[in-house]
Structures are given as C-alpha cells and as structure tokens.
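Hello,

Here is the structure you asked about, ready to open alongside this message. Have a look at it first, and then read my notes below.

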Amino acid sequence: MSDPCKVLMVFPLFNAGSFWNYTEACDLAGARYPAAPLGLVTVAALLPAHWEIRLVNRNTEQLEDADFDWADLVMTGGMLPQRNDALRLVERCRAAGKPVVVGGPDVTSSPDLYARADFQVLGEAEEIMGDFIATWRAGIRHGVFTAAMGKTDVTKSPLPRFDLLKLDQYLHVGVQFSRGCPFSCEFCDIIELYGRVPRTKTNEQVLAELDALYALGYRGHVDFVDDNLIGNKKALRKFLPGLKRWQEERNFPFEFSTEASINLADDADLLRDLAGTNFFAVFIGIESPDTDTLVMTQKKQNTRRSLRQSIETIHRAGIFVNAGFIVGFDSEKGSIAAGMIDCIEDTSIPVCMVGLLYALPTTQLTRRLRAEGRLFADDGQPQSGDQCTAGLNFETARPRRDVLDDYRRVLAAIYDPVAYFGRVRRLGRMLRRTRGHRMVRGDLRSFMRLLLRIHRAGPGTAGPFWRMLLDCALHNPRALPYVVMTSALYLHLGPFSRQVIGEIDREITDVDAGRRQVHPPAAEAVLVTA
C-alpha cells in the first residue's frame, strides 16, 4: 500500500535527579547515556516497512524544530521518571500541529494524565499496533488502543530496529528473552503490566537479535532487560546452550547482564550455565533484611535462604550482584538503618539502589493505601526524580521524620568511600570469572580516565580505591575489569548519594519546622456498574 508516512520517534528525558543516570561513568566511556531505548526500536519494527522513521533520544541529543517540520507523526512515551518531558513533548506536538502517539508503562498506568495526546497505546504494542496503523490509514487522528495485560504472544515480537540507534552513544544495548514475573510483590507493577506467567521468545528470535547487533559492529555489554530472567527456568535452560554456542562461534563478542530473583543462588547448574555463557552481572531486589517486611510485601522468596550465603554463591560463580533496597514499609518497627547497613556490608554488594518506598499507580500497595485513605493524590505535578528523591507518596506508618532519617543514614554509610571500596575489594576476592574480559574499543582510555578522575568522587576516595585495585591485582587479577566497572560507577554514586542526603536533610528540616506540605488523600476508586 502506497501511504508514505514520516514518523519521528522521541525518547523523553529522564529526570536529572536519578540514580540510574550514571553521568560520570558514561563520560568515562565516551557514552552519553547508559541504556538504549529498546521499546521504541521494537515499536519501529511494527510499523510499515516503507514508512520513514527518525529516532531522537532526548537523553543523548537535541530535538530540533527541523525534526518536527519533517514529521507527519510523532511517537513517544516511557516510564514514570520520564513523565515530565513526555508531557512537555505532547504539548510541543499540539503547538506544532503534529499528531502524537504516547505509549509505554507510564501512560498505561496513568492514561488520564496523557489525555491531551491524540493517540494512546496502552499495554504491550505487538498485537495492537496493527489497529493503530489501520486507524491512521483511514484518516482518523485520535484513538485509544488497549492490549490485555500479560496476554501478548511475544513470539510475534519483531526484530528491533537496532539500525536506528547510534550505538556508540550507550554503555549497553538491551535485548529481551521474557516478559512477566512469577512472584507477586505488593509494591511492584511488573505483574500488573506484564502478568505472572513469564512469556518467552523463541531461541531463534533472540539469537537473531544478537546477530543483528553483531552485524552492525556492536561489541561489549548487552543487557537482558527481562524483569526476572529465571521466571521461566525451563525455557531458559533450553535457551542457554544455543546462546553459548553462538558466543563460542564468534569468540564471545558480548558480556551479558540481567535481573533475577534471589532463588538463582539455589540452582548451581543454572548459575554455571549463565557464567559459561558470559553473564557477568545480575540485579536482585533484596528490598529489606527484615523477615516481617518481606512477608508483608509478599516477597517470601527472600525469606527462605540466607541472603549472605546466596549472594556469596552468585559471586563465586563469577557473576556480581547489584541490588535494590527500600525504606518506608509499614512493617518497619523502629529504626531499620543499622540492619540494612549490616546486610549490605555482609553481602559485599557495592552498587545498592536504596530508595524510599513509592506506591506506583497500578500496584496492590497503591490499592491498599487508597482504601486506607493514606495515599496522596497524584495531581500531575512534576516528578522530581526517582524513588531516591520522590518517594513516600503516602502517609507513612511510623513517623515520616524517622523514615527519612533512616534513609539518609543508610546512604551516608554505604556510599562512604571506605565502606564502598571495602565491598568492592571483598567482591574482587570472591569473583571467580571463568572467562577473561574482552577488551573493546575505548576500554583502556576509560581506565586511564578513571585513574585521573577518581579523586573527583569526593574527599577520601582515592586511597580506598588504590588499595582495592592493588588487592585485586595481587589476589584475583581476572576480576580487575569488573572492580574497575564498579569503581567507575562510584564517580556517579558518591556525589549522587551526597546530593540525595542534602535533599533529605532539607525535608527533615521542613518536617521539624512544621513546614511539610500536606498532601490531599487520593480519591477512593468507585466501581460503576451498568
């Protein structure tokens, strides 16, 4: 069908106050942002092949008026920390007279906030983009297209348009094997958006995506963006042998990272297979060392094993752990700071994303807090960052000041340079890599930049860093590339933690002075029946 269309795809800015920006680490590597926009390049592959597509990532490049002038249609959308810019883009499109389509997790969770967009794509795009295209071709310039949550057949997902990316702008590129998670954590929106039955692509699909990246000349870090890679262990076991053969035939061009649940440590065979395929890092949501909290939040899988032993098992398999922790649960009894600090030190996890609890729009937590009259209204006000700086959007069970004080104490302790590089040193001794790190373009330059800039991370940083580096070189040189990676992240994490502590101190001062803004409660959900 001859219906040319020029589509401008725009990936919105993440808010500046975010744990995940890693600005200094990107600069070390000559990159502009950590991760490439996998969702948009997947949607691009669902559009007619003869439509022209231009991709602009606002986190890495400028969006020019000429881009708008060129476009017939604008497509955008993203996550909660991108909401501010996504809404600005909607208004810019309206001012320019350009129809705009918005999709992604935030509009799916909070469609009312995006009412001024011409089109909304709610849910997974694979099975509904055809309806949008038919609507567009019919000359209709508004509509809402909705997919049933967690039902999309991901074997129909197309090969992403990696060719639209400027690959040298990113620290890593993403691929996806599965969607969904078998667990039902109260605070998590993954099961609401993608379901509790993990759906997997075929082995051939994923290997074709890696083939495409390889053909484009990409080498280095590839992140499996799955919410829980081991959610469907049976499918993963069938996939890994083929992935290992693919790697071996090409002399291991990629190193992989992913996200998984703590029960990964229970499966020695699976750990060995992941390490042998060249997985080097995994993000695990630990959330809290307190058993009562884990039970209340329905994260019981973390209570059935020793956290310290589990993390050590993963480290000794050659895969290092990054972890998430949360402060502000209702079940917290008195101060939790010391227990959380001890847990982080005992497990020797350097990079810990510690955040304040945030009730995401579609979660069980949000529904409970709303029913209890404790949830603050989402009035569409600008988001200041991620849960590090914009958490606690509800009335806390224990005094808010105490929660904030615990949070600042944890951040101050774990991102003290002596503590941080002490954990990196212990990680360096444990990490048993079966394969050496493949040097890619810019690695040596990045390392030299790190040596010259490490003092910028704050007073008292250089000494612990050099002691750690020497210790690793003497005791486990194969781990050196990975302790260097975690050291590079400290260039962001050290200053960022101090920035967050400053913001929390100001909020505590306001609480003490009685100046804390009083938020109206969210309205009760009303069930309307015919």
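**A helix on a sheet, and some enclosed space**

Because 7 of the 9 residues of helix 2 are buried, this helix is largely enclosed by the rest of the structure. Buried here means under 20% relative accessible area, with exposed over 50% and partly exposed in between (1.4 Å probe, protein chains only). Helices (H or I, at least four residues) and strands (E, at least two) are DSSP runs, numbered from the N terminus.

Before going further, please note that this is a predicted model, in which local features need pLDDT of at least 70, side-chain atom pairs count only at pLDDT 80 or more, and totals for chains, interfaces and linings use all residues. Residues are numbered from 1 along each chain as its sequence is written, and side-chain values use heavy atoms, with hydrogens and water left out.

Which residues of helix 2 are buried? They are Leu38, Leu40, Val41, Thr42, Val43, Ala44 and Leu46. Their packing partners are strand 1, strand 3, strand 4, helix 6 (129–137) and strand 8 (170–175), where contact means heavy atoms within 4.5 Å.

Strand 4 (residues 73–76) pairs with strand 5 (residues 100–103) over 3 bridges, and Val74 stands opposite Val100 in strand 5.

On to the cavities. A cavity is a set of points on a 1 Å grid over the protein atoms alone where a 1.4 Å probe fits but cannot get out; lining residues have an atom within 4 Å of a point. Grid points are joined across faces, edges and corners, and a volume is the space filled by probe spheres set on the points. There are 3 cavities of 30 Å³ or more. The largest holds about 60 Å³, and helix 19 gives the largest share of its lining, 4 residues.

Best wishes

Notes
On a 1 Å grid over the protein atoms alone, a cavity is a set of points where a 1.4 Å probe fits but cannot get out, and a pocket is an open set with protein on both sides within 12 Å along at least five of seven lines; lining residues have an atom within 4 Å of a point. Two strands pair if DSSP finds at least two bridges between them.
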